[in-house]
Amino acid sequence: MSDANFPTPKLSHLTPKDFNFIYEPAEDSFLLLDALEKDHEHIQHIRPSICLEVGCGSGICITFLATLLKSSSSYLCTDINFKAAEIASKTGKENGMNIQPVITDLVNGLDLRLKGKVDILVFNPPYVVTPEEEVGSKGIEAAWAGGENGRRVIDRFLPKVPDLLSQWGLFYLVVIKENKPEEIQRIMKEKGFEMETVLTRRSGPELLSILRFQRSHQ
Amino acid sequence: MKLITHNFLTSNIIKGVKNGYPLGILPAKVEVKDVEFNPAFITRMLPKVDWVALQKAAKECGYGEGLPDAIKDELMEDTDFLKKVHNALMEVEVIEGKLVCPESGREFPINNGVPNMLLNEDEV
């Protein structure tokens, strides 16, 4: 977990009832926080002005990013679940951070104006392998339902990444082995992006990885 | 919804809408909250901000005074100017209200400070 310099955001304002509606942070969430902390010097080095988390859920991750960068950046986040967006705003406030949520599908309504401007892009997607019918909810199922290979939502988002990221921008993605990270690496390489695996951790049956993408500058 | 967020929202997601920018603001409840002023951040953000849209949005929220029509280079060194930009971008917040597509008139609600850009199936 995070050390004393970058404390894990408090979630004491949330109750078990809230987790009927939004995703309760779990090992995947905390692994993502650990990866951002591990990378914090690299992140600070690019002097981010705009950080964007897609599918923010409770807001724990974008809030943690705000803890790393403080007033030196801005923090936007989206969620298709309106309760998540409202809770993310509260999570930011409870931790003294200024988080700006938007209720939307992925980055709809933001991608035109954010073209080439996102410095830190983060997505903990619905990665669980599920039947196709479970994909496309606006409620809590949207947090995990990933369809075939858990890739339905990831594959909808990947084509948007090259347009969103700034020249030195970084994209962090949470995946499990079933999502075929090697295939994602190939897809992104064709779009001109290099991939690194920042952290890997087994949590029960899941083998989680945090992937980081940046433009190839060769 | 702070005006920095408004500056990046477009309604071109609606079928038939070409640009959808800037969205009009119909504020019902606006608050101004103290946010830490970071002049280096404001200086970095300014080139990414659509200045005309910010000016218009600030006016619609009742906080447009003091923002010049154009930004001259010297202004970037002027702390008072940067503080005014900071106030408009980061401190003015629409808590309740509506965003309006400039082409179709379609309204998007803002509740509890959060704008909702989700569309119905027939609008996509």
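This is a predicted model: local features need pLDDT of at least 70, side-chain atom pairs count only at pLDDT 80 or more; totals for chains, interfaces and linings use all residues.
**Conventions.** Residues are numbered from 1 along each chain as its sequence is written, and chains are lettered from A and ligands numbered from 1 in the order in which they are written.

View 1. Helices and strands are DSSP runs, numbered from the N terminus, with at least four residues (H or I) for a helix and at least two (E) for a strand. A:Lys70 follows the helix and has a positive phi, near 55°.

**View 2. Nonpolar cores.** A nonpolar core is a set of buried Ala, Val, Leu, Ile, Met, Phe, Trp, Tyr and Cys residues joined through side-chain atoms within 4.5 Å. The largest one has 64 residues, and A:Leu121, A:Phe157 and B:Leu99 are among those with the most contacts inside it. Helix H4 (residues 79-91) of chain B gives the most to this core, with 6 residues. A second, separate core has 33 residues, including A:Leu33 and A:Ile62.

View 3. Two strands pair if DSSP finds at least two bridges between them. S7 (residues 206-215) runs antiparallel to S5, with 7 bridges joining them, and A:Tyr172 has A:Arg212 in S7 as its bridge partner. S6 (residues 193-203) is also antiparallel to S7, through 10 bridges. In this pairing, A:Arg202 stands opposite A:Leu207. S6 and S7 form a hairpin with 2 residues between them, and A:Gly204 in the turn has a positive phi of about 60°.

**View 4. A:Ser166 in strand S5 of chain A.** A:Ser166 lies in S5, which spans residues 165-176. A:Ser166 counts as buried because its relative accessibility is 9%. Leaving aside residues up to four places away in sequence, A:Ser166 touches A:Gly116, A:Lys117, A:Val118, A:Asp119 and A:Arg215 (contact means heavy atoms within 4.5 Å).

**View 5. The sheet of chain B.** Four strands of chain B form an open sheet in the order S1-S2-S3-S4, with antiparallel pairing. S1 (24-32) and S4 stand at the edges with a single partner strand each, so one side of each has no neighbour in the sheet. S1 and S2 (residues 92-100) pair over 8 bridges, and B:Val30 stands opposite B:Val94 in S2.

**View 6. The interface of chains A and B.** The contact takes 31 residues from chain B and 28 residues from chain A. The area buried between the two chains is about 2,500 Å², of which carbon and sulfur atoms give 59% (the accessible area, with a 1.4 Å probe, that two parts lose on being put together, summed over both). In chain B, B:Phe8, B:Arg44 and B:Leu118 lose the most area to chain A, together 26% of what that side buries.

Conventions. Side-chain values use heavy atoms; hydrogens and water are left out. Buried means under 20% relative accessible area, exposed over 50%, partly exposed in between (1.4 Å probe, protein chains only).
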